Amino acid sequence: MLFIADIVRIERAIGAGRQVANVTQGAPSQGFILQLLSGKSAEERAAIRERTERIFQGWRTIERIAVPYASEFFEVISTYEPIVYKGVSYNPLIGAYGENFNLIDFFGWVKEAGLKSIILNASIYAIINEAKTPLVEKYSERAAEDAVGFLLSKTADYPAVKESAKMRDRYLRAISLSLFPPMGQPLVVEASSMFQNKRYLECLQEAIAFCAGYPQSGERLMFRKYANYIRYNTAFQRWYSAFVLAEALYLNRAYGVNLKLGPTTESNFDSLIREFMKKLEIPYAFIWYDRGIEKQVAYPDTISFGDDSESIFKKLKNDKTRAWAEELVKPFGVRNGESLEAAVLRIAETVNRNSRKDIPPFNAEGEWFLTFPPGACD
């Protein structure tokens, strides 16, 4: 009976997580779940059941979690050690408003899910959009090196992107350091640091070849496979697809990442990543979140890390901002007798203090970095 109870609870958790998104695959059947759980001990089944429930976090009301390919998702989390990543992009408003407090969202979800995790700061990709030109004209075995060289050479031409990427990186690392114990800190990777890595360049070369339909050397480089968004559909913008595929492949090969977390708006990118991973026969799955409140709260009404106490108190008078903030801070705990205003201010002050310190980036490719976290004693 316990075995059946495990199956039912897993099925219900996944089913509940599928009601909030435009999903593209039916929920896994009891037979499929039974197949993957067979041969596992009661303790292993209980751990998988708990992992499933923690991922969907049914207590959330502002942000809802869903999976687009439920069978693949369950296969990954029940067969392999699940390691998740999320990419964050360029924020052009950092200069005017400071870093957004909502940045702690992924970290809160990770804390509740209890998964090893990586967050990728992909702000530098914005140079693709700023430069408005294809990165490489002709395909060659150096296409990846040439594409990366183009982005790095153009960084100085777009100081707003450079400064935003730098600030976002400092805050991401400060959040990880401030809100997690050493053995649980998510790894923060800045995209340009990958560009110096030979393994990453190999992944980007594979992604370019895949998107271009495996052209011959010297042929004009044209992408035939890409995430098709009406607003971002020029030849140069299709380069985003190659970089997104490369990051997913690199993080899988270097760190074992087999789950990607992203908003439902990234569905076209996820479909492309799925096709790419299937071609390479890599077990991979996706988790989506839906957060419609972002369309309901004006950006100036959202909380920033740079806000003083008066601004935070004023913004939290907005019911939607308040409800959102309550959900953001919940995974990190509100102390006894502490108001929401005080909790937000405490977290912001702690992160701000650490963001001003020179926290070195940490890149332990080849083994999971949490095995021996920086600063820990053996």
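Modeller: A residue is called buried when its relative accessible area is under 20%, exposed when it is over 50%, and partly exposed in between, with a 1.4 Å probe and protein chains only. This is a predicted model, in which local features need a pLDDT of at least 70 and side-chain atom pairs count only at pLDDT 80 or more, while totals for chains, interfaces and linings use all residues. Residues are numbered from 1 along each chain as its sequence is written, and side-chain values use heavy atoms, with hydrogens and water left out.

Colleague: How many aromatic pairs does a search of the whole structure find?

Modeller: Rings of Phe, Tyr and Trp (its six-membered ring) pair if their centres lie within 6.5 Å, and planes under 30 degrees apart count as stacked, over 60 as edge-to-face and the rest as tilted. Searching the whole structure on that basis, the number of aromatic pairs found is 18.

Colleague: How many residues apart in sequence are the parts that Phe 101 and Phe 305 tie together?

Modeller: These two rings form a tilted pair, 5.3 Å centre to centre with 55° between the planes. Helices (H or I, at least four residues) and strands (E, at least two) are DSSP runs numbered from the N terminus. Phe 101 lies in the loop between helix 5 and helix 6, and Phe 305 in the loop between strand 6 and helix 14, so the parts tied together are apart in sequence by 204 residues.

Colleague: Is Phe 286 buried or exposed?

Modeller: Phe 286 forms an edge-to-face pair with Tyr 284, at 5.5 Å centre to centre and 65° between the planes. Tyr 284 is buried at 6% relative accessible area, and Phe 286, at 1% relative accessibility, also counts as buried.

Colleague: Which side chain meets that of Lys 278 in a salt bridge?

Modeller: A salt bridge is a side-chain nitrogen of Lys or Arg within 4 Å of a carboxyl oxygen of Asp or Glu. At 3.3 Å, N to O, the side chain that meets Lys 278 is that of Glu 72.

Colleague: How many residues apart are Lys 278 and Glu 72?

Modeller: Lys 278 is partly exposed at 48%, whereas Glu 72 counts as buried at 13%. Lys 278 lies in helix 13 and Glu 72 in helix 4, and the pair links distant parts of the chain, separated by 206 residues.
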